[in-house]
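Me: Could you walk me through a model that I have just opened? I would like to ask about it piece by piece.

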Number of protein chains: 2
Amino acid sequence: MANIHDVAAKAGVSAATVSRFINSSGYVGAKTRTKIREAMEALDYVPNSMARSLRTNESMIVALVIPDVTNPFFPTVVRGVDDVASKSDYRLMLFNTDGSKRREENILSVLAQTRVDGVIVIPSETVGDAQITDFLEQQRFPIVLVDRVIDFPQVDCIMTDHYLGAYQAAQHLCGLGHRRIAHIAGPRRVVSSEERVKGYAAALNDFGIPVDQSLVVHGDFTRYTGYGSLDSLMNLPEAPTAVFAANDLMAIGVIERARELGIKVPEDLAVCGFDDIEYASIVSPSLTTVSQETYRLGKLSAQLLLRRIAEPDCEVRRIKLKPNLIVRESAARVYQHTLGRW
Amino acid sequence: MANIHDVAAKAGVSAATVSRFINSSGYVGAKTRTKIREAMEALDYVPNSMARSLRTNESMIVALVIPDVTNPFFPTVVRGVDDVASKSDYRLMLFNTDGSKRREENILSVLAQTRVDGVIVIPSETVGDAQITDFLEQQRFPIVLVDRVIDFPQVDCIMTDHYLGAYQAAQHLCGLGHRRIAHIAGPRRVVSSEERVKGYAAALNDFGIPVDQSLVVHGDFTRYTGYGSLDSLMNLPEAPTAVFAANDLMAIGVIERARELGIKVPEDLAVCGFDDIEYASIVSPSLTTVSQETYRLGKLSAQLLLRRIAEPDCEVRRIKLKPNLIVRESAARVYQHTLGRW
DNA sequence: ATCTGATGTGTAATCAATTACATGTTTTTC
DNA sequence: GAAAAACATGTAATTGATTACACATCAGAT
């Protein structure tokens with residue numbers, strides 16, 4: 001395979017000139033230019049980015065570390081990141097952690113070796129703050145943290161305002177007349193799910209509804225926990241008339257189980273989700289939910305990263321994206337007959 | 001940042017010895033080992049994989065080129081690839097082509113520069129064979145082609161047996177008594193959609209049903225084309241009693257539109273999809289479809305690739321995966337009242 | 001006592017680029 | 001017409017590893 005010296009020799013110039021030509025840095029005469037172009041063509045020359053990276057100390061690679069592409073929440077984020085990264089000629093390296101510590105650590109060390117120019121991390125649900133801080137302490141490259149705010153110098157953060165989103169959802173349900181509103185939360189000690197619990201509680205509070213702890217259960221963001229949580233909720237002495245699930249997958253699980261139990265949504269039970277994944281508009285009844293702008297999340301985090309790569313000492317930014325309540329069919333005004341039950 | 005020479009100096013040995021230690025190649029004495037370990041620790045040394053790659057001529061990176069992660073068919077494939085690649089310490093670089101030629105070409109040249117160790121390509125719908133062959137002609141690294149069979153030396157191929165899958169789907173519908181079976185095919189000149197058309201036609205043929213070209217329309221694999229195709233089909237002089245869509249997204253579009261038109265699925269119209277994406281089991285009625293083992297597709301393609309990286313001249317393999325008919329609710333035995341219409 | 005093979009380590013070339021510096025040639029400017 | 005500025009190119013060091021080769025030591029075999 002031809003290298004820059006072969007090209008230089010064939011064109012009758014020095015490698016330095018060829019390099020200048022390729023990178024359009026410095027002067028290269030018109031005749032020389034064509035000679036080099038021809039030589040490159042003839043030898044089928046492609047610059048070796050490894051050598052270039054070694055010399056210039058920039059790999060033009062950004063890494064994106066996510067829990068699992070297979071979770072419908074992430075592909076859009078990935079797409080957002082890719083779109084802005086590739087527009088600036090960065091290549092995207094993707095890692096799935098699955099929330100396993102072993103994997104996390106493995107990826108971490110690989111990342112340090114690879115000399116990526118920057119990393120966007122969406123910490124997996126089970127990773128504690130301590131681990132993240134360790135990660136950041138060793139930082140050898142800019143890091144953007146998604147959905148996890150940490151006070152650390154030169155680490156930009158971006159997240160959806162989960163508190164606000166949950167508040168809006170619960171507010172909506174309250175506004176529809178519901179007073180027994182269950183919440184299927186995400187895992188404990190995960191920032192996003194804790195924020196959502198708080199937002200839910202705040203809305204209830206503002207409507208003068210006491211928060212009943214028996215109505216708050218914790219799931220793991222999968223369809224199955226939504227599905228599995230409904231029975232016990234409905235068997236409560238005072239069953240809820242509405243369920244606010246901390247993500248759409250769990251909300252869909254609730255709807256599925258409700259159908260099996262003969263509970264009509266939204267007539268007997270209002271259901272509200274969070275995320276607005278594509279399924280949300282497909283399921284029947286279509287899901288009232290809170291939309292996170294995942295694509296924008298991806299785009300913005302990539303922009304933050306590229307900015308910091310270009311300008312390592314620019315001021316830290318902490319972005320909070322406003323979520324949006326999307327009203328669809330799955331949550332309706334509370335029905336008299338349902339209220340009448342108690 | 002410390003390099004191998006710094007470590008060597010600190011440990012009082014030569015860089016060669018440190019290198020041997022890191023790669024466990026060659027002999028390194030016990031005392032030397034601990035000294036090196038300590039020096040690495042003290043200097044917080046991380047090997048530079050760029051330099052290593054430059055020297056050894058292997059990047060430990062594999063690229064995966066797909067049309068769009070956002071299409072629910074792909075994340076599972078990505079996951080399959082990642083799982084086997086990362087197990088062998090390869091890193092995954094992801095590219096979305098969107099089927100745009102400009103992007104395709106761009107990615108192509110980037111790929112050549114990056115000196116990836118191999119590439120898995122799922123050619124986008126609009127890319128012609130000529131372009132693929134161009135791509136292959138310039139090959140500088142092993143390539144595995146997914147869902148596109150091309151007779152090219154040293155290019156392994158893997159695909160689902162789309163013909164068989166479509167045959168099974170159509171056979172199933174025929175077996176349920178349907179005789180007017182529409183097919184919403186994928187784009188023309190895309191191998192997978194053409195194969196599915198053939199399988200559909202073959203099944204009808206085997207049941208003695210002539211293929212009516214007015215019942216075969218072409219979509220672009222999005223929900224919207226499924227949605228948009230139904231009206232004209234149902235307005236045909238002899239409307240179909242069943243629709244076989246070439247993928248689940250289009251099938252779901254059909255179900256959505258059917259609901260709006262007051263056409264009951266499966267009572268008035270049987271619907272069958274292809275792919276078995278996760279939505280398929282969520283929609284209501286749940287979708288009868290043909291499952292492709294996408295995770296396995298990803299895994300196997302990565303395995304093919306790694307095998308060829310390790311052994312460039314091993315014999316070419318062309319794998320065809322058997323799809324599976326998944327019977328759910330959306331396709332039922334043809335109803336008398338529906339048949340009675342004609 | 002000598003030879004052989006295993007063990008352990010260093011020297012220096014190499015991978016393919018970039019770039020500071022030097023040097024020479026034009027062109028512009030006053 | 002001389003000085004300054006712009007243009008054009010080459011030389012050689014540098015980036016951070018790996019590895020062929022050479023050399024030294026030491027144990028066990030003959």
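Me: Before that, what should I know about the numbering and the kind of model?

Reply: This is a predicted model, in which local features need pLDDT of at least 70 and side-chain atom pairs count only at pLDDT 80 or more, while totals for chains, interfaces and linings use all residues. Residues are numbered from 1 along each chain as its sequence is written, and chains are lettered from A and ligands numbered from 1 in the order in which they are written.

Me: OK, which residues come nearest to DNA strand C?

Reply: There are 29 residues around DNA strand C, and those that come nearest are A:Asn3, A:Ala16, A:Ser19, A:Asn48 and B:Gly29; a residue is near the strand if its C-beta atom, placed from the backbone, lies within 6 Å of it.

Me: And which helices supply that surface?

Reply: Helix 2 (15-23) and helix 4 (49-56) of chain A, and likewise helix 2 (15-23) and helix 4 (49-56) of chain B, each supply at least two residues of the surface near DNA strand C. Helix 2 of chain A gives the largest share, six residues. Helices (H or I, at least four residues) and strands (E, at least two) are DSSP runs, numbered from the N terminus.

Me: How does that surface divide into nonpolar, polar and charged?

Reply: The surface near DNA strand C has 14 nonpolar, eleven polar and four charged residues, where Ala, Val, Leu, Ile, Met, Phe, Trp, Tyr, Cys and Pro count as nonpolar, Asp, Glu, Lys and Arg as charged, and the others, Gly among them, as polar.

Me: Switching topic, how many residues does each chain put into the contact of A with B?

Reply: The contact takes 31 residues from chain A and 31 residues from chain B, with two residues in contact if their C-beta atoms, placed from the backbone, lie within 7 Å. On the side of chain A that touches chain B, the elements that each supply at least two residues include helix 5 (74-87), strand 2 (91-96) and helix 6 (101-114). That side of chain A divides into 17 nonpolar, ten polar and four charged residues.

Me: In which sense does strand 2 of chain A pair with strand 2 of chain B?

Reply: They pair in the antiparallel sense over two bridges, and A:Leu92 has B:Leu94 as its bridge partner. Two strands pair if DSSP finds at least two bridges between them.

Me: What about the open sheet in chain A, what is its strand order?

Reply: The order of the four strands is 7-6-8-9, with parallel pairing, and the edges are strand 7 (216-218) and strand 9 (270-272) of chain A. Strand 8 (residues 242-245) of chain A pairs with strand 9 of chain A over three bridges, and A:Ala242 has A:Ala270 as its bridge partner.

Me: Last one, how do helix 5 and helix 13 of chain A pack?

Reply: Helix 5 of chain A and helix 13 (residues 294-310) of chain A pack at about 40°, with their axes 7 Å apart; axes are lines fitted to C-alpha atoms, for helices over the stretch in contact, and angles run from 0 to 180 degrees between N-to-C directions. That makes helix 5 of chain A oblique to helix 13 of chain A, given that angles under 35 degrees count as roughly parallel, over 145 as roughly antiparallel, 65 to 115 as roughly perpendicular and the rest as oblique.
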